[in-house]
Amino acid sequence: MAVIALTGCSGAPGVTTSALALLLSWPLESSRRMILAECDPDGGAVLHGLLQGTLGDRYGLRNLSVAARKGEFGEAFWRQLIDLSSDDGKAESPRDRLLLPGITDPAQAASLSSVWKGLATTFRGIDADHGHDVLVDLGRRGAVGPSGVLAEQADLVLVVVRNTLRCLQAAQSRVYALSERVGDVGLIVIDEGPYPAGEVQRVLQVPVVATLPYAPKEARVLSDGADQPRHFTKSALMKASRTTAALLVQRVAARRTRLGSHHSLTRGVEVTHAR
């Protein structure tokens, strides 16, 4: 029952791949859903990555700007979601792991000024009314500018970094500015480089919440739709993603308890009803 925003910095740290791994491994009880929303103003990657263009661009964030102008945002949101729950064709999909695809051209971001606040409100409604969880992929720069409201209204903001010198140096100013603006920021570390979690935490001055392995072969399944290796769901990447998901659930629950109530987290956003 959380809204969690993931963002990154320059150097392609793996925000979308991490978000997809979390989506597919998130612990879900009966009737619960997990929704991944690609809200990167530089453009989404899943339609032409994991899904290899099989669904075209009929679905996604760009269609919501028209709906917002017509006052039909809530209904339109649910029509734009793609089911990623099951692809084996052996059983009916539970439709409990859903994707809102992002824009396909960064130029489309200019038309979304009326969409970001509506999304923040919708995500709160999904959480408050139904107990579903939402992951928000903000890409490298979506946590600032007009789309930054999605970070400001999230229960938890996580910066995905690789523990290499280049990525840590690029992340310093971003993490500092984000911490100043939203307060509670954590890190997901992709373990590619030589620096241990304690050193990363010391340098960036925010806690390392979880570490994911650097696993290019498995990551390409999620980022580029590559063929799944045998026992993909039991791979180190997916095992670590399940552990990370459990840690994030605990962290959000602890934060809500600390702040007193769920309603104190809405920060003045009017919640709309979502189905």
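The model is a predicted one, in which local features need pLDDT of at least 70 and side-chain atom pairs count only at pLDDT 80 or more, whereas totals for chains, interfaces and linings use all residues. Residues are numbered from 1 along each chain as its sequence is written, and side-chain values use heavy atoms, with hydrogens and water left out.

The structure holds zero disulfides, a disulfide being a pair of cysteine sulfur atoms within 2.5 Å. Cys 39 takes part in no disulfide, and the nearest cysteine sulfur, which belongs to Cys 9, is 19 Å away. Cys 167 is likewise in no disulfide, although the nearest cysteine sulfur, again that of Cys 9, is 3.9 Å away. With a relative accessible area of 5%, Cys 167 is buried.

The strands and helices named here are DSSP runs, numbered from the N terminus, with at least four residues (H or I) for a helix and at least two (E) for a strand. Strand β7, which spans residues 185-191, is mostly covered, since six of its seven residues are buried. On one side of the description stands strand β6 (residues 156-162), which pairs with β7 in the parallel sense over six bridges, two strands being paired if DSSP finds at least two bridges between them. Within this pairing, Val 157 stands opposite Val 185 in β7. Together, β6, helix α6 (residues 165-182) and β7 make a right-handed β-α-β unit, where right-handed means that, with the strands pointing away from the viewer, the path from the first strand over the helix to the second runs clockwise.

Strand β7 also runs parallel to β8, and five bridges join the two. Asp 191 has Pro 213, in β8, as its bridge partner. The chain crosses from β7 through α7 to β8, and this β-α-β crossover is right-handed as well.

Two residues in loops have a positive phi without being glycine. Gln 205 has a phi of about 65° and is placed in the loop between α7 (197-204) and β8 (208-213). At 64% relative accessibility, Gln 205 counts as exposed. His 231, whose phi is near 60°, is found in the loop between α8 (216-224) and α9 (236-259).

Note on methods. Buried means under 20% relative accessible area, exposed over 50%, partly exposed in between (1.4 Å probe, protein chains only).
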